[in-house]
2 protein chains.
Amino acid sequence: MNAHWLESVTFNAEGLVPAIAQDVKTGRILMMAWMNADSLAETAATHRAVYWSRSRRKLWRKGEESGYEQVVHEIRLDCDGDVIVLAVEQKGGISCHTGRESCFFRRLDGDADEADWVITDPVLKDPELIYK
Amino acid sequence: MNAHWLESVTFNAEGLVPAIAQDVKTGRILMMAWMNADSLAETAATHRAVYWSRSRRKLWRKGEESGYEQVVHEIRLDCDGDVIVLAVEQKGGISCHTGRESCFFRRLDGDADEADWVITDPVLKDPELIYK
């Protein structure tokens, strides 16, 4: 699992690197999760997004429960080597566990102290029907 | 500095949240940096991206040295409240300290152990001319 290219990636003290998933067609940012070296290597090998679940402390093959896999078209690394961007095709059009297209479904509206988060995206499928 | 909307943001143990800057016109992901509550509040108030420099341990008003400010059109928060996305207009078209449009200028090419990072983006301006 220790390919040469992995040595250019700087993992943090917990052995993780943030990975941003972006829709390859629309450019919309779908989610950010974390990867360890194994999940990044498996992502590159299988062209399916594999993250590290910090809460469950295990590899999280995106879609393994929901069916909403991410087919990975491109993997990019930033200048410091400590952030990954994935260009993905989101199967089923839902990446968020709330049943929405994107996890970034809240926008800050209004100015200063009057500002608040507004939900801009519909729930496409009831999460109770996704995670049976 | 403690607006109501800030309470929806979950900062990590160091008091920071990752912030992804995306070009508002092209959708290209330009960079990821970190924000503390003060930098997020100032970003919302001034519509200029302000990050927290972990290396310099101080507020980093993007463009303060380079001139390459980011005008913030939109601030989004993810489902867990622990990642920010900024839709920005990148002044000068350069967000990376290497003089490139985006920090994500390396793409993984090739398969398995033969894979390696390939630079896909030109340097638009010599960094030595940016940081005088």
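Analyst: Happy to! Strand S5 (70-77) of chain B and strand S6 (residues 84-90) of chain B run antiparallel and are joined by seven bridges. Strands here are DSSP runs of E with at least two residues, helices are runs of H or I with at least four, and both are numbered from the N terminus. Two strands pair if DSSP finds at least two bridges between them.

User: Which residue is the bridge partner of Glu74(B) in S6(B)?

Analyst: That is Ala87(B). Before we go on, this is a predicted model: local features need pLDDT of at least 70, side-chain atom pairs count only at pLDDT 80 or more, and totals for chains, interfaces and linings use all residues. Residues are numbered from 1 along each chain as its sequence is written, while chains are lettered from A and ligands numbered from 1 in the order in which they are written.

User: Good to know. In what order do the strands of the open sheet with S5(B) and S6(B) come?

Analyst: The order is S8(A)-S7(A)-S5(B)-S6(B)-S1(B)-S2(B), six strands with mixed pairing. At the edges are strand S8 (116-119) of chain A and S2 of chain B, each pairing on one side only. From one strand to the next, the twist averages 35 degrees; axes are lines fitted to C-alpha atoms, for helices over the stretch in contact, and angles run from 0 to 180 degrees between N-to-C directions.

User: And what does H1(B) touch when it packs on the sheet?

Analyst: H1(B) touches strand S7 (106-109) of chain A, along with S2, S5 and S6 of chain B. The direction of H1(B) makes about 115 degrees with that of S5(B). Contact means that the C-beta atoms of two residues, placed from the backbone, lie within 7 Å.

User: How many bridges link S5(A) and S7(B)?

Analyst: Two, in the antiparallel sense. One pair there is Arg76(A) with its bridge partner Arg107(B) in S7(B).

User: Now the contacts overall: how many residues of each chain are in contact with the other?

Analyst: 34 residues of chain B are in contact with 34 residues of chain A. On the chain B side, S5(B) gives the most, with four residues. By class, that side has 21 nonpolar, six polar and seven charged residues. Nonpolar covers Ala, Val, Leu, Ile, Met, Phe, Trp, Tyr, Cys and Pro, charged covers Asp, Glu, Lys and Arg, and the others, Gly among them, count as polar.

User: Last topic, hairpins. What is in the turn between S3(A) and S4(A)?

Analyst: Four residues lie between those strands, and Arg57(A) in the turn has a positive phi of about 55 degrees. S3 (residues 50-53) and S4 (residues 58-61) of chain A pair in the antiparallel sense over four bridges, with Ser53(A) opposite Lys58(A).

User: And chain B?

Analyst: S3(B) and S4(B) also form a hairpin with four residues between the strands, where Arg57(B) takes a positive phi near 55 degrees. Here, Val50(B) stands opposite Arg61(B) in S4(B).
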